[in-house]
Amino acid sequence: MSFASERSMRLARYARYVSLLALAVLASCERVVGIDVAEGPERLVVEARLEAVRGLTVNRQEIRLSTSAPYFSNTTTPPARDAVVDVVDDQNTRVRLAETSPGVYRTDSLPLTGRAQLHPPDSMEG
């Protein structure tokens, strides 16, 4: 037997072992583990980004409010409705945002200077 054919036989055997090992790893058993996740209290979720763009007369700002949902829930998070949403700057200038759709609060004017902060609603209905 020549050296080349002996080498090709070894490579073929090696490839067969690697293929069998890969097949065993990929086709291994799968075990489903059920995890009991305790539901926490309902929380307010605030999605907001307030920006002032120089030169724009309409400076539309939007804040979305929703409430948290259980982790494994396949439903959308419920909107936080009928909230009073105020944005206040460091000069104590207050702008109230109007609810334009469920959980979405908007304003077309945000004439605030300096830093602004969102005052979360004291109470929500919904």
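Good morning. I begin with D86 and R94, whose side chains meet in a salt bridge at 3.1 Å, N to O; the term denotes a side-chain nitrogen of Lys or Arg within 4 Å of a carboxyl oxygen of Asp or Glu. D86 counts as buried because its relative accessible area is 7%, whereas R94, at 46%, is partly exposed. Here buried means under 20% relative accessible area, exposed over 50%, and partly exposed in between, with a 1.4 Å probe and protein chains only.

The model is a predicted one, in which local features need pLDDT of at least 70 and side-chain atom pairs count only at pLDDT 80 or more, while totals for chains, interfaces and linings use all residues. Residues are numbered from 1 along each chain as its sequence is written, and side-chain values use heavy atoms, leaving out hydrogens and water.

The structure holds six salt bridges. One of them joins R60 to D108, with the closest N and O atoms 2.9 Å apart. This pair links distant parts of the chain, 48 residues apart: R60 lies in the loop between β1 (44-48) and β2, and D108 in the loop between β5 (104-107) and β6 (116-119). Strands are DSSP runs (E, at least two residues), numbered from the N terminus. R60 is exposed at 54%; D108 is partly exposed at 38%.

Finally, the interior. V95 lies in strand β4 and is buried at 10%.

Technical notes: Helix = DSSP H or I, 4+ residues; strand = E, 2+ residues; numbered from the N terminus.
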